Amino acid sequence: MADAGGISTWRDSLATFLMQQTELIILPGDQNYGASAADVVPNNAIFGSFPVKVVEGNHDIDFDGGVALRARFNSRPASPPGLPGCYHDVLLDGAVDLVVLQSGRTTSWVQTVVGGVGIGSPMHAWFLSILPTLTAPHLVVAFHPPTWGPVLNDTGRVFETTLDWPWHTYGVKLVLNGHSHLAFTGSKRGVKYITAAATYRQDDTLDATLHGADEDGAVLEWAQDSGYSAAILNVTAGDLSYEFVDPDGRPIPGSAGKCGMLSIPSSPETYEVV
């Protein structure tokens, strides 16, 4: 459930549902659109002591509130030196290794703060260093701006940074993102990509193109450019499945699937807008 800052009414409703039905909430960025730490108070009131894992988004890192978010949702290992916002945690009784990365707001910001996002960057080196220690059956990587997927006609949703590492060679099962203000699922080289950011609406419409999908056999399986939603992950030792729900917790038709299983639509050039 990403990009929920500033829309407390539906966020409160969906958060209440999630806390009744789930063991853990992952927030893939932009939970604070305000300019001060005081604006984080509603998040504290909503989630209380519920287990929450946070990805820092571009709005979160821009304001003092982002620092407060990092401190508030601090039930996580410390970030490695020089890589604020990055961490690894083992979730759900050892079923999931979650690696959170810092994709920041712009390429220049990431270059200045964490030394870039490319292959060979400090963040990439840290990621490779922890891979041999990961033992959970499911490896999930989360960061804020996606590296590929549909875009909205609002040019502000174009992805600022490219954290497009060869996830399939690392055993990653799911890449989880926010930022784009829409929801979609897709696959590349056996890796599932989910963006759960249909949570802050503007006068946007889904573009008829896939950004960054010209290689690796990228297939968009489902997309939604209207309404608010959140992705529900169902985790067992041998299976990682997902489904999007609306603010009342009702499943959204056509949005369900399994990670590690490529679902190819009748025409890879088309997709359904719900």
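A residue is termed buried when its relative accessible area is under 20%. In the predicted model described here, both Trp148 and Tyr193 are buried, and Phe184 is buried as well.

The mean pLDDT of the protein chain is 77, with 68% of the residues scoring at least 70. Among the elements of the chain, the highest mean value, 96, belongs to helix 6 (residues 122-130), and the lowest, 58, to helix 4 (residues 64-72). Residues 261-274 have a pLDDT below 50, and this stretch makes 29 contacts in the model beyond near neighbours in sequence.

A pair of aromatic rings is described by the distance between the centres and the angle between the planes. Rings whose centres lie within 6.5 Å are paired, and planes over 60 degrees apart count as edge-to-face. Under this criterion, 9 aromatic pairs were found. The ring centres of Trp148 and Phe184 are 5.7 Å apart and their planes meet at 70°, so this pair is edge-to-face. Distant parts of the chain are linked by the pair: Trp148 lies in the loop between strand 5 (138-142) and strand 6 (149-152), whereas Phe184, 36 residues apart from it, belongs to strand 8 (residues 183-188).

Trp148 also forms an edge-to-face pair with Tyr193, with 5.6 Å from centre to centre and 75° between the planes. Here the loop between strand 5 and strand 6, which holds Trp148, is linked to strand 9 (residues 191-196), which holds Tyr193; the two residues are 45 residues apart.

One aromatic cluster is formed by Phe127, Phe143, Trp165, Trp167 and Tyr170.

Conventions. Residues are numbered from 1 along each chain as its sequence is written. This is a predicted model: local features need pLDDT of at least 70, side-chain atom pairs count only at pLDDT 80 or more; totals for chains, interfaces and linings use all residues. Side-chain values use heavy atoms; hydrogens and water are left out. Rings of Phe, Tyr and Trp (its six-membered ring) pair if their centres lie within 6.5 Å; planes under 30 degrees apart count as stacked, over 60 as edge-to-face and the rest as tilted. Helices (H or I, at least four residues) and strands (E, at least two) are DSSP runs, numbered from the N terminus. Buried means under 20% relative accessible area, exposed over 50%, partly exposed in between (1.4 Å probe, protein chains only). pLDDT is the predictor's confidence in each residue, from 0 to 100. Contact means heavy atoms within 4.5 Å.
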